[in-house]
Amino acid sequence: RTNLPPSPPRLPLIGNLHQLGPLLHQSLAALSRLHGPVMLLHRGHIPTLVVSSPDAACDVLRHQDLVCAGRPTFTPANILLEGDISFAPYGDYWRQLRRICSVHLLSSKRVQSYRRTREEEVAAMAAAIAAKASTTINLSEIIYSSTNDVICRVVSGKFKRAEGRSRVFTELINGNSELLSAVYLGDYFRWLGWVDELLGNVTRVRKLRKRWEELLDQVIKEHADRSSSNIDGHDEEEEKDFVDVLMSLQEKNEFVLEPANFKSLLIDVFGGGTDTSYITLEWAMVELVRNPLVMQKLQEEVRRIANRKSLVKEEDLHQMTYLLAVIKEVLRLHPPAPLMVPRETLNDCIIQGYSIPKKMRIIVNAWAIGRDPKHWDEPEEFRPERFLDGSVDFNGTDFRYMPFGSGRRICPGLQFAISWLELALANLVHQFDWELPDGMEKEEFHTREVPGLLVQREGQLHLVAKPWNDCS
Ligand code: HEM
């Protein structure tokens with residue numbers, strides 16, 4: 001009690017809520033500049049520890065990783081994602097799901113096996129852009145749809161675009177982002193949960209879950225029908241999608257998931273994988289257009305290595321060191337999950353000398369740490385060169401840089417995401433030169449953000465793509 005971290009002054013009932021703006025990561029960064037890198041806030045009745053320095057993050061995510069491996073409960077996640085991995089309480093069930101992800105769904109070998117999917121989808125994306133060359137296009141729409149198509153194919157196989165299934169997935173994923181980002185009064189004031197019911201927020205989440213269930217039931221049924229009609233094993237050569245993998249693990253009794261939890265895991269992957277990757281790709285194009293010298297340097301590298309091929313292939317990527325540095329720099333300035341996913345303490349612990357009680361919610365402000373002038377030279381500048389020596393990686397071991405989190409709950413989709421981001425970005429800058437639409441100045445090309453659990457750029461990205469003539 002006597003050794004709690006400093007707190008900004010708070011009001012009765014609402015605590016510190018009045019000091020928080022819609023862009024939570026920015027409000028928290030401003031408050032921690034006044035009250036220190038380890039700060040205790042009260043959001044309604046919820047005490048929350050906010051951590052904004054590498055040392056404090058290292059305490060939470062390394063020294064006390066086990067104690068801080070819980071996740072708080074959260075109304076929309078409880079309904080929409082019940083039994084998923086991202087919000088699962090720490091324990092045996094979470095460990096089982098985590099193993100399924102890291103060994104079976106998102107291992108290096110499995111990620112590698114989706115190479116053809118990525119290459120085909122990137123070719124389709126380039127063709128869609130080329131079809132509208134030299135006119136103003138909505139690049140956000142195109143990269144969203146390609147990212148979504150990759151995830152849909154990997155998770156559910158060769159869905160038929162003609163049936164409009166990809167559109168339904170998009171609608172449901174958008175529904176997830178909207179409802180998971182909304183404010184539920186019951187999460188901050190226990191006695192006001194009924195207001196969420198009254199306003200229909202909870203009903204909307206239940207309806208969305210029902211739509212997911214219907215769609216996934218159909219996908220699972222199609223897989224079951226296909227495997228029973230495929231007794232002679234002609235499908236051996238096909239890439240195994242996530243539903244295939246999970247079904248065969250269930251058949252072999254390697255693990256048994258309740259049908260509802262099976263679907264929650266799939267919804268998690270759709271939600272966790274699509275928006276994060278799309279938002280990063282969009283920010284990458286924004287920063288490259290705002291920084292023409294970086295764009296030029298990147299194009300020189302990609303075009304030299306791809307050597308006039310029409311498409312950059314995955315085997316070319318490992319030589320593209322500047323490309324990787326660009327992606328790292330994008331994720332430093334614009335981590336799509338700027339506050340990661342909140343943690344909760346499983347027991348009492350000490351963080352930076354302060355006594356932190358059990359069941360304390362913890363937010364690590366990765367966005368603020370990635371822009372802290374104490375740890376980064378000219379942090380607001382977009383300078384991929386800072387990553388060129390390769391000493392800072394995404395793997396959560398450097399607490400100045402944690403776009404994928406760190407510790408035992410680090411993002412298991414890291415490699416999956418990077419493989420898509422590298423291939424997609426390399427092809428965008430290889431095949432096309434990019435210009436602002438007529439009449440728009442570079443200075444008008446803003447970096448304003450939209451509030452949400454994931455933070456993306458405000459508005460859609462409109463650009464003009466000019467095909468690069470030397471590319472065959
Ligand atoms: C640029 C892309 C991505 C970023 C920046 C990102 C970021 C994150 C972050 C910050 C966390 C929380 C980590 C922590 O608590 O320490 C997380 C968790 C998670 N991510 Fe990602 N992610 C991305 C892509 C993906 C992809 C492609 C997938 C799956 C295909 C995925 C699946 C997950 C899952 C399942 C969790 C929960 C892990 C757990 O609680 O054990 N993510 N991600």
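Predicted model: local features only at pLDDT ≥ 70, side-chain atom pairs only at ≥ 80, totals over all residues.
Student: Let's start with the four-stranded sheet, so what order do its strands come in?

Tutor: The order is 1-2-7-4, and this is an open sheet with mixed pairing. Strand 1 (38–43) and strand 4 (343–344) are the edge strands, each of them pairing on one side only.

Student: And how many bridges join strand 1 to strand 2?

Tutor: Six bridges join strand 1 to strand 2, which covers residues 46–51, and the two strands run antiparallel. As one example of a pair across these strands, leucine 40 has leucine 49 in strand 2 as its bridge partner.

Student: What about strand 2 and strand 7, do they run parallel or antiparallel?

Tutor: Strand 2 and strand 7 run parallel and are joined by four bridges, and here threonine 48 stands opposite arginine 361 in strand 7. On strand 4, by contrast, the pairing with strand 7 is in the antiparallel sense, over two bridges, with isoleucine 362 in strand 7 as the bridge partner of arginine 343.

Student: Which strands does helix 2 lie across?

Tutor: Helix 2, made of residues 54–63, lies across strand 1, strand 2, strand 4 and strand 7, and it runs at about 130 degrees to strand 7.

Student: OK, now the three-stranded sheet, what's the order there?

Tutor: That open sheet has the order 3-11-8, and its pairing is antiparallel. Strand 3 (136–138) and strand 8 (432–435) are at the edges with a single partner strand each, so one side of each has no neighbour in the sheet. If direction is ignored, neighbouring strands of this sheet are turned against each other by 50 degrees on average.

Student: How many bridges hold strand 8 to strand 11?

Tutor: There are four bridges between strand 8 and strand 11, which spans residues 462–467, and the two run antiparallel. Glutamate 435 has valine 464 in strand 11 as its bridge partner, while phenylalanine 432 is partnered by proline 467 in strand 11.

Student: And on the strand 3 side?

Tutor: Strand 3 pairs with strand 11 over three bridges, again in the antiparallel sense, and asparagine 138 stands opposite histidine 462 in strand 11.

Student: Switching to helices, how close do the axes of helix 13 and helix 16 come?

Tutor: The axes of helix 13 (residues 259–290) and helix 16 (residues 321–333) come within 9 Å, and they cross at roughly 105 degrees. Angles of 65 to 115 degrees count as roughly perpendicular, and therefore helix 13 and helix 16 are described as roughly perpendicular to each other.

Student: Which residues meet there?

Tutor: From helix 13, Thr280, Trp283, Ala284 and Glu287 meet Val326, Ile327, Val330 and Leu331 of helix 16. Sorted by class, this contact of helix 13 with helix 16 has six nonpolar, one polar and one charged residues.

Student: How many residues surround the ligand, and which are closest?

Tutor: The ligand is surrounded by 28 residues, and the closest are Gly272, Gly273, Gly405, Cys411 and Gly413. Helix 4 (92–105), helix 13 and helix 18 (414–431) are the elements that give two or more residues to this shell.

Student: Which element gives the largest share?

Tutor: Helix 13 does, with seven residues of the shell around the ligand. Taken by class, the shell has 15 nonpolar, ten polar and three charged residues.

Student: Last topic, proline 76, is that one buried or exposed, and why?

Tutor: Proline 76 counts as buried because it has 25 C-beta neighbours inside 10 Å, and the cut-off for being buried is 20 or more. As for its place in the chain, proline 76 lies in helix 3, residues 75–80.

Student: What does proline 76 touch?

Tutor: Leaving out residues up to four places away in sequence, proline 76 touches Leu179, Leu180, Tyr184 and Val205. The C-alpha atoms of proline 76 and arginine 204 are separated by 9.5 Å, although these two residues are 128 residues apart along the chain.

Notes
Residues numbered from 1 in each chain as written. Pairing = 2+ DSSP bridges. Contact = placed C-beta atoms within 7 Å. Axes fitted to C-alpha atoms, helices over the stretch in contact; angles between N-to-C directions. Parallel < 35°, antiparallel > 145°, perpendicular 65-115°, else oblique. Nonpolar A, V, L, I, M, F, W, Y, C, P; charged D, E, K, R; others polar. Near = placed C-beta within 6 Å. Buried ≥ 20, exposed ≤ 12 C-beta atoms within 10 Å, placed from the backbone.
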